Amino acid sequence: MTTLTIWDWEVEKYPLQVGVGVIIGGWTFVKLVNYFLQRSKLKSARVRKRAECKQAKQVLEDQIKQRNISKEVVEEITNLSLSELQSKLKDGTLDVLDVLHAYQAKALECDEKTNCIIEPFKEAEEWAASVKENVSKDSPLFGVPVSLKENYGVEGYDSVYGMSVLIGKPSHEDSVIGQVLRSQGAIPYVRTNVPQTMISWDCSNPVFGATKNPHDTTRTPGGSSGGECALLAGQGSILGFGSDIGGSLRIPSNMCGTYGFKPTVGRLSAKGTHGCTKGQQIVRAAYGPLARDVDGLVTAMKALLVPLMFKLDPTVNPLPFRTEVFEDNRKLKIGWYDNDGWFTPPPCMQRGVAIAKAKLEAMGHTLVPWKPPNATLGAELYVRAMFSDKCETINEMLRYDTLDVCFMIQYTMANIYWPLRRFLVFILHYLMPSLSTGLKAIAGCDSAYDFWNLAVAAEDYRKMVIEDWQSHDLDAVISPGFGCPAIPLKTPALATSAVSYTTIFNVLNFPAGSLPVTKVNAADTANMKDYPTIDLAHKTVKKGMVGAEGLPVNVQCITLPWHEEQCLRVMKDLETALKA
Ligand SMILES: CCCCCCCCCCCCCCCCCCCCCC(=O)NCCO
């Protein structure tokens, strides 16, 4: 028998070792080839998708040129408030198609500056024609163009949220919110950008790139509904729709100076929307409107809380909009806080609360100090719930994908091997306690038993906060709109702790809205010298505040579950007082 020689090894002498080597080598080779093949398949899908969307924008751009609509007319139409636009559409002073064309033109202009749009809806003209033909002029959204966050299902369009693996898998039907909007006369015309996974408060992904803040294009617009808010702030939309499982309607509102409203989960339908945390039922995503004033939010809620929505999705609470609660002028007892004890917001955010407090007091409301007890527990429960599957759902979807910088830290922290995690949790406990808490919580649950206990802990937390709220006899609460104003692009993941101001109301499932109250001024930035630099998050915010003058500062208004109308009423009171 001849001896087979591989390099210097003689197979005859070491048959087992060679056999095992060949199997392992072959397996590794096949895995590697498969890995690179899958990656290159996803890369081609991204290139194709980007080209398709660019082409769709180009087609619209050419149509706009042919229409020859003047810049003045575009500005005139897009500068109208929603109520002004509604009345002009109703009395026929403005035509549905002209309004659509103006918003299409303005949206492309915003996109040029901020990369906020993924693609226009090719069918928008057709939908507008159908509205003119079939929808009564008395319908609340007759002829109003609306923008949709990319995770709202629209028949024939894929919802990708920055995950290449989802490219080319279009929705088979429209979301219920989309269907009700269209039945009320609204015309969806563009879909907007989001961060990869949508578990981030930045707004970038490897498919469509980064969206920028219109107030300062070196900064984030916030996320995950960042495309929506950048578009609204640039006057390229009058009414948008997004989702919120940790602040995604409120965070970008705070960064862009727009208005956002997160209802109680189950007040508006989630049917036909997409996301990568659908199996996680402890903290669920809420869907809601984004606007340029409180009236915009109210109009949207009224238009959606109708029998058609309750019919298309019988799982929602069939509670119509209670105008009498929204219009009630009883003086309220409102709690306020400007520091949750977990993350210290910079002075501008605290000043925002002080302004709101003074305005509400001047209106006759009683303001008392109050904050949700144990914000650290709230933060811990949030992170554990969001990563309770040990990040497996997302890992599976991202297996061959390019990881975006906005999700890199969450991804790395969720996937650290457990002995190293234990070691880091121990060490960081003494150096950066909040990072240690986060790193421990992001490990998620080890078993279904563990998950059940987490669900009970979240329930107990809700009960405890509600009891505390009720013992103070509060009607509402105001807080900073977020932990900081807009910071530079690519840095939000380093300041994840700042999300405690919004995530807590997702854990609690309380309705919460965000509205602009002021802008960062020179005194705010000068006051940063005493700002704590106890950990990476605070350091990142301190650095990010350099040159922040002029950026919007929002406050958040919060009420108990199902009290959406009361929350909007407080927002309206505050807006009225600020404008007076
Ligand atoms: C809640 C406090 C977090 C503390 C973090 C400390 C250290 C960081 C380690 C853990 C990372 C956890 C990541 C959580 C990030 C949440 C970001 C939420 C943004 C908004 C998401 C959203 O609402 N999406 C909408 C989906 O429909």
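**Ligand site, pockets and backbone**

Start with the ligand: one of its oxygen atoms is 2.8 Å from an N or O atom in the side chain of S243. I call that a polar contact, meaning a pair of N or O atoms within 3.5 Å; within protein, one must be able to donate a hydrogen and the other to accept it, and residues adjacent in sequence count only if both atoms are side-chain atoms. A polar backbone atom of I245 lies 2.7 Å from an oxygen atom of the ligand. At M198, a backbone N or O atom is 2.8 Å from a nitrogen atom of the ligand. Taken alone, the ligand exposes 730 Å², and the protein buries 97% of that; the areas are Shrake-Rupley values with a 1.4 Å probe.

Before going on, this is a predicted model, in which local features need pLDDT of at least 70 and side-chain atom pairs count only at pLDDT 80 or more, while totals for chains, interfaces and linings use all residues. Residues are numbered from 1 along each chain as its sequence is written, and side-chain values use heavy atoms, with hydrogens and water left out.

Which residues come nearest the ligand? Of the 25 around it, they are M198, S243, I245, G246 and S248, where "around" means a heavy atom within 4 Å.

Now the domains, whose bounds come from an automatic or database assignment. The chain is split into domain 1 (5-40), domain 2 (69-375 + 470-579) and domain 3 (381-458). Taken over C-alpha atoms, the centres of domain 1 and domain 2 are 54 Å apart.

Next, the spaces. On a 1 Å grid over the protein atoms alone, a cavity is a set of points where a 1.4 Å probe fits but cannot get out; a pocket is an open set with protein on both sides within 12 Å along at least five of seven lines; lining residues have an atom within 4 Å of a point. A volume is the space filled by probe spheres set on the points, which are joined across faces, edges and corners.

The largest pocket holds about 730 Å³. It is lined by 40 residues, with V383, Q410, T496, S497 and V499 closest to its centre. Domain 2 and domain 3 each give at least three residues to that lining. Helices supplying at least two residues each include helix 13 (375-386) and helix 19 (500-507); helices are DSSP runs of H or I with at least four residues, strands are runs of E with at least two, and both are numbered from the N terminus. By type, the lining has 25 nonpolar, 12 polar and three charged residues. Here Ala, Val, Leu, Ile, Met, Phe, Trp, Tyr, Cys and Pro are nonpolar, Asp, Glu, Lys and Arg charged, and the others, Gly among them, polar.

The second largest pocket has about 540 Å³. Nearest its centre are K390, R421, K440, A443 and D446. K390 sits in the loop between helix 13 and helix 14 (392-398), and its phi is near 60°, a positive value in a residue other than glycine.

Last, G223 and S224 are joined by a cis peptide bond, with omega about 10°. S224 is in the loop between strand 7 (209-210) and helix 7 (226-233).
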